[in-house]
Amino acid sequence: MKKYTLTNNGKEILVLKVPEGRHEVSYDQWCEAYKYLDLAQESKKDFDDGNIFEATQKSIESISRLVSSLSTGVTYEQLIKVPYSKINNIFILDFGWLSSEMPKKSFKVKGKTFKIPNFSEKSAGDFMDVMDLIKQINDLKNDADLGLTIAAIYFREGDYKQDVEAINERKEHLKKYAAMDVLFSAGFFFSNSLMSLEKSMLQHLELEVMEELEKLTSSLSGWGTILYLQALQKAEY
Amino acid sequence: MGYYPLFASVAESGVLTNYMSDKTNIEQILNLPLSEVMSVVEWKKAEEV
């Protein structure tokens, strides 16, 4: 975490710690930030339509919501009292990882190693469970929930035996102890695996698989890119 | 489960008994690697056509 002490006229007004990657962001923080995804998309639309004032208002709120949700030691209400140029600078300097961070293959979750598997070598039962549970997620754009589901299914030992209760227990464990890099990477590599399966052997299931693929888009990465471009535009003025 | 019928049909078809005589019920098939089961699904589909 990177610590910032914000001052105004030499007086300390706020101390916050900002994450340096998904490994320092929890599931709950990501879900909180995700609530404001629509605001960034609306801002982009306003900007494209030439409604610059509305676009600026929405992007300021969206960036401030994102910084306050993913950081520690600060609330949105505290942050919006800070001159916006300071928040904009923090976002430009320290949140580039939202759109550029690469997924990883190996993690430690509460002392236990979790490696992203070769999904095609794992059991057919695990695959069946993933595809079914993904369908049950109400908000299909939230990559935290998608990654959580995939990681919870493959974060197990021994032979496959369908056990939804055990999967739910592992979900709670991962929510508590795994950072977003685990969930992001699980979703990313599973999505890649689906694409590979679809190309090589699932021609008759193409429609169904492609529907699942569309749900595995990393929406907050897109959000980061939108906001980052807008923040840079403001910095140029 | 959406894929259960698909994998169950592999078990019921007895296709796997041709080369895996002990893999004939759905529980055993669900424990096989996905790539192996999908290969059989593809082969079975091709046979039907």
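Modeller: Domain bounds come from an automatic or database domain assignment. On that basis, chain A is divided into domain 1 (2–100 + 221–236) and domain 2 (106–218). The contact takes twelve residues from domain 1 of chain A and ten residues from domain 2 of chain A, two residues being in contact if their C-beta atoms, placed from the backbone, lie within 7 Å. This is a predicted model, in which local features need pLDDT of at least 70 and side-chain atom pairs count only at pLDDT 80 or more, while totals for chains, interfaces and linings use all residues. Residues are numbered from 1 along each chain as its sequence is written, and chains are lettered from A and ligands numbered from 1 in the order in which they are written.

Biologist: Why is A:Phe127 called buried?

Modeller: A residue is buried if 20 or more other C-beta atoms lie within 10 Å of its own, exposed if 12 or fewer, and partly exposed in between, with C-beta atoms placed from the backbone. A:Phe127 has 27 other C-beta atoms within 10 Å, and is therefore buried. A:Phe127 is found in helix H7 of chain A; helices (H or I, at least four residues) are DSSP runs, numbered from the N terminus.

Biologist: What makes H7(A) mostly covered?

Modeller: Nine of the twelve residues of H7(A) are buried, among them A:Met128 and A:Leu133.

Biologist: How do you know that the span of helix H7 of chain A is close to the expected one?

Modeller: The expected span is 1.5 Å times one less than the number of residues. Helix H7 (residues 124–135) of chain A has twelve residues and reaches 17 Å from first C-alpha to last, close to the expected 16 Å.

How values were computed. Helix = DSSP H or I, 4+ residues; strand = E, 2+ residues; numbered from the N terminus.
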